[in-house]
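Biologist: Hi, I'm new to reading models like this one. Could you walk me through a few features, step by step?

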Amino acid sequence: MAASGSVPHVRVDLSSLSNAPKEKLHLLPVRIECDGAAKVSQYFTPSIRREDESGGVTSSFRGRCLHGLDLDVPEGYIGMVLKEEAKPCAEDEERVVRVKSTFSALTCWNLETPPRPDDSAVKAMNWPTVAEAVHAPV
Amino acid sequence: RCAKKTRAHIKSNMQNALFLSLVLDEASLYLFNSNASQIYEVKAFDENYHSWFIGQSVQSDGRLLFVTPLDPLFLVLPYFLKATEQYWLVDQIMKDEDFPGCSTLLKCPRTLQSVHHIADEKEIGDQKFYKYSQEKTLLWLKKKVKQTVKALKSNNLNVGGGVQSSTFIRSKQAAEVTEEDYLRYAHGLLSDYLPGALSVELLKILGYSYFRKSYKPNINMIIYFPYKSCRKRKLTDKPVEAEEDYTKFNSDSKDKKSSKMTAAQKSLAKVDKSGMKNISAFFAPKNKGPS
């Protein structure tokens with residue numbers, strides 16, 4: 001993109017989108033100070049129990065009970081996990097992030113109480129609808 | 001290790017664009033598609049103590065980014081506010097020595113197509129001149145409020161009976177919500193993109209005083225805020241030295257000998273901490289009314 005001058009910018013390479021695999025996403029109510037591989041399907045996924053048809057699920061993590069809710073990515077949107085594969089060598093070099101994977105839903109987990117409509121993660125999913133109304137031409 | 005990983009929702013009709021640019025300056029984060037024909041705003045859902053499982057991996061950064069279309073008029077408005085007294089060429093208005101990138105906004109066709117909403121136009125020869133019009137701007141904003149109210153209603157989004165109730169709830173108690181609640185809520189959403197004085201004027205023409213506590217969002221979203229942060233922090237195209245060591249909050253900058261940081265990293269560090277604010281922070285002062 002021209003005209004941004006020397007303002008450093010990051011390019012999102014969407015050509016990587018078509019090959020990107022779909023992945024399951026879980027938003028956990030804990031801070032895990034770690035980035036990298038984790039045996040999610042071995043230790044976390046098997047403990048997930050579907051409670052009812054409303055999308056409610058339960059699970060446990062490090063001995064704590066978790067209540068979850070499946071949230072769809074808002075209509076007209078896609079979920080993407082972006083990753084920067086290589087750090088630029090020079091300061092003014094363009095940075096590129098690629099689409100690592102995509103998702104169309106995520107599971108939002110709470111401690112103690114099941115996620116409710118007024119939980120911020122659940123509410124956040126309404127933001128695109130609101131934003132479109134605010135920003136549509138009049 | 002240093003990979004920056006984020007999640008973004010991007011409108012699926014963007015797929016035909018080859019790439020998107022995430023423009024990072026230290027004040028805000030916007031996204032342009034490849035020919036700058038549409039500008040997007042990037043907002044982060046960011047709550048403490050959240051992390052992700054993504055497939056078979058763990059990601060400590062529990063943020064979720066939302067990429068939504070942005071009306072470019074909100075971004076050119078601060079420049080047009082100064083175009084009073086006489087008519088100016090658009091290139092004279094959209095001039096910012098501190099931020100040469102601002103002229104990119106003119107590449108978005110929607111900008112010039114809609115600029116008549118905020119300015120009087122005069123055509124001399126084949127050149128167009130503009131002068132800011134508050135009257136037109138308020139009329140435009142009033143239409144925006146109406147449009148937003150309509151969407152809030154039709155999507156059954158709860159605007160929470162005024163004060164304490166949290167916003168963005170889908171609820172069946174819509175009957176208790178008054179028209180004023182909707183208007184004030186929509187006004188609050190729009191005020192995010194407006195200078196304070198204009199926000200006050202807008203509320204006036206909607207017929208409300210400023211003193212009732214309006215729109216108190218309970219949503220823990222961090223905004224890459226277009227207008228206010230621009231004013232607080234001068235935009236610049238040069239690498240900026242951080243006033244504070246923001247990098248200490250940045251989990252990926254393990255090597256804190258920050259002289260080794262690239263300009264991009266510096267900008268990132270700044271974007272992370274200075275341009276973003278908790279959404280509720282924007283509303284606290286407004287409740288005190290116009291100064």
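Biologist: Hold on, what counts as a salt bridge?

Modeller: The general idea is that side chains of opposite charge can pair when their charged atoms come close. The cut-off here is a side-chain nitrogen of Lys or Arg within 4 Å of a carboxyl oxygen of Asp or Glu.

Biologist: And where do E201(B) and K204(B) sit in the chain?

Modeller: They are three residues apart in helix α6 (residues 196–206) of chain B, so about one helical turn separates them. Helices (H or I, at least four residues) and strands (E, at least two) are DSSP runs, numbered from the N terminus.

Biologist: What should I know about the model itself before going on?

Modeller: It is a predicted model: local features need pLDDT of at least 70, side-chain atom pairs count only at pLDDT 80 or more, and totals for chains, interfaces and linings use all residues. Residues are numbered from 1 along each chain as its sequence is written, chains are lettered from A and ligands numbered from 1 in the order in which they are written, and side-chain values use heavy atoms, with hydrogens and water left out.

Biologist: Is K204(B) buried or exposed?

Modeller: Buried means under 20% relative accessible area, exposed over 50%, and partly exposed in between (1.4 Å probe, protein chains only). K204(B) has 51%, so it is exposed, while E201(B), at 24%, is partly exposed. Over in chain A, salt bridges that share partners join D13(A), E85(A) and R98(A) into one network.

Biologist: How many salt bridges are there over all chains?

Modeller: The structure holds 13. One of them pairs E180(B) with R184(B), at 2.8 Å from N to O. These two are four residues apart in helix α5 of chain B, so again about one helical turn lies between them. R184(B) is buried because its relative accessible area is 3%, but E180(B) is partly exposed at 22%.

Biologist: Which parts of the chain does the salt bridge between E179(B) and K153(B) link?

Modeller: That bridge has its closest N and O atoms 2.7 Å apart. It links distant parts of the chain: E179(B) is in helix α5 (residues 179–191) and K153(B) is in helix α4 (residues 134–154), 26 residues apart, both in chain B. E179(B) is partly exposed at 43%, and K153(B) is partly exposed too, at 37%.

Biologist: What about backbone angles? What is phi like at E85(B)?

Modeller: E85(B) has a positive phi, near 70°, and is a residue other than glycine. You'll find E85(B) in the loop between α1 and β8 of chain B, and it is exposed at 76%. In chain A, R62(A) has a positive phi of about 50° although it is not a glycine. R62(A) is in the loop between β5 (56–61) and β6 (64–72), and counts as exposed at 65%.
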